[in-house]
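Me: I have a model open on my screen and would like to learn how to read it. Could you walk me through some of its features?

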Amino acid sequence: MSITYVHLLLAFTGALLFVLIQVLLRRPWQSKPGLETLLDRHNPIERELYHEYLVPLLVYEEDYPSFGRILRLVLERFPLGRFLQEEAFEKGLTDLRDAVFEPSNREDLVWAMCQIVHTFVRDPDVEYRCRPRLQVLVDQFLKEVES
């Protein structure tokens, strides 16, 4: 049995289709979504709360990318209002929000971020639903704030 032109054309077409599907599934032209993706996923009442607290935090994503990833990971699964009931969490968010518009030192920013991350880490539901990914992101966050 010899390989004909039709067989080669079918094999080439199949390989090309396989590569195209792989590229489309990975979408390399799209950047990884940041905190801004959280702003579009909530009803109008929650949207105002998210805009008030999360829009200013976009400023910190460049310097502390793992902090933004931690927020996105947790807040995609749990509403922000659930954590605002905790005083330390709300103070951390408020301090970060206000620091965008006022001069502040790095230690205060790191302290506020650590309060937020600490609230997430000690929540048993968050730990259960975000377990493997959260631990890696927290380790990355700790390395970022140490340097």
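Predicted model: local features only at pLDDT ≥ 70, side-chain atom pairs only at ≥ 80, totals over all residues.

Me: Let's begin with helices. At what angle do the axes of helix 4 and helix 7 cross?

Reply: For a pair of helices, look at the distance between the axes and at the angle between their directions. Helix 4 covers residues 65-75 and helix 7 covers residues 106-122; their axes cross at roughly 35 degrees and come within 11 Å. The crossing of this pair is left-handed.

Me: Which residues of helix 4 and helix 7 meet?

Reply: On the helix 4 side you will find F67, I70, L71, V74 and L75, and they meet M113, I116, V117 and F120 of helix 7. Sorted by class, this contact of helix 4 with helix 7 has nine nonpolar residues, with no polar and no charged ones.

Me: How far apart are the axes of helix 6 and helix 7?

Reply: Their axes are 8 Å apart, and helix 6, residues 87-101, packs on helix 7 at an angle of about 145 degrees. Angles here run from 0 to 180 degrees between N-to-C directions, so the order of the chain matters when you read such a value. The crossing of helix 6 and helix 7 is left-handed.

Me: What classes of residue make up the contact of helix 6 with helix 7?

Reply: Start with who takes part: helix 6 brings A88, F89, K91, G92, L93, D95, L96 and A99, while helix 7 brings L109, W111, A112, M113, Q115, I116, T119 and F120. These divide into 11 nonpolar, three polar and two charged residues. M113, I116 and F120 of helix 7 are also among the residues that meet helix 4.

Me: Now the rings. How many aromatic pairs does the structure hold?

Reply: There are five aromatic pairs. To read one, check the distance between ring centres and the angle between the planes, where over 60 degrees counts as edge-to-face. F78 and F83 are edge-to-face, with 80 degrees between their planes and 6.2 Å centre to centre. Another pair, F83 and F89, is tilted, at 45 degrees and 5.6 Å centre to centre.

Me: Are F78 and F83 buried or exposed?

Reply: Buried means under 20% relative accessible area. F78 has 6%, so it is buried, and F83 is buried too because its value is 0%. F89 is buried as well.

Me: Which residues form the aromatic cluster?

Reply: F78, F83, F89 and F120 form one cluster. There is a charged neighbour to look for too: R129 lies over the face of F78, at 5.1 Å from the ring centre.

Me: How do I read a proline in a loop? Where is P56?

Reply: Ask where it sits, how accessible it is and what it touches. P56 is in the loop between helix 3 (44-54) and helix 4. With 9% relative accessibility, P56 counts as buried. Leaving aside neighbours within four places in sequence, P56 is in contact with H51, R97 and V100. P56 and V100 are 44 residues apart along the chain, yet their C-alpha atoms are separated by 6.4 Å.

Me: And what does P79 touch?

Reply: P79 lies in the loop between helix 4 and helix 5 (80-84). With a relative accessible area of 38%, P79 is partly exposed. Beyond neighbours within four places in sequence, P79 is in contact with E46 and Y50. For contrast, P79 and V19 are 60 residues apart in sequence and 38 Å apart in space, C-alpha to C-alpha.

How values were computed:
Residues numbered from 1 in each chain as written. Heavy atoms only, no water. Helix = DSSP H or I, 4+ residues; strand = E, 2+ residues; numbered from the N terminus. Left-handed = near helix turned anticlockwise from the far one by under 90°. Contact = heavy atoms within 4.5 Å. Nonpolar A, V, L, I, M, F, W, Y, C, P; charged D, E, K, R; others polar. Phe/Tyr/Trp six-rings, centres within 6.5 Å; stacked < 30°, edge-to-face > 60°. Buried < 20%, exposed > 50% of the residue type's maximum accessible area, 1.4 Å probe, protein only. Lys NZ or Arg CZ within 6 Å of the ring centre and 35° of its normal.
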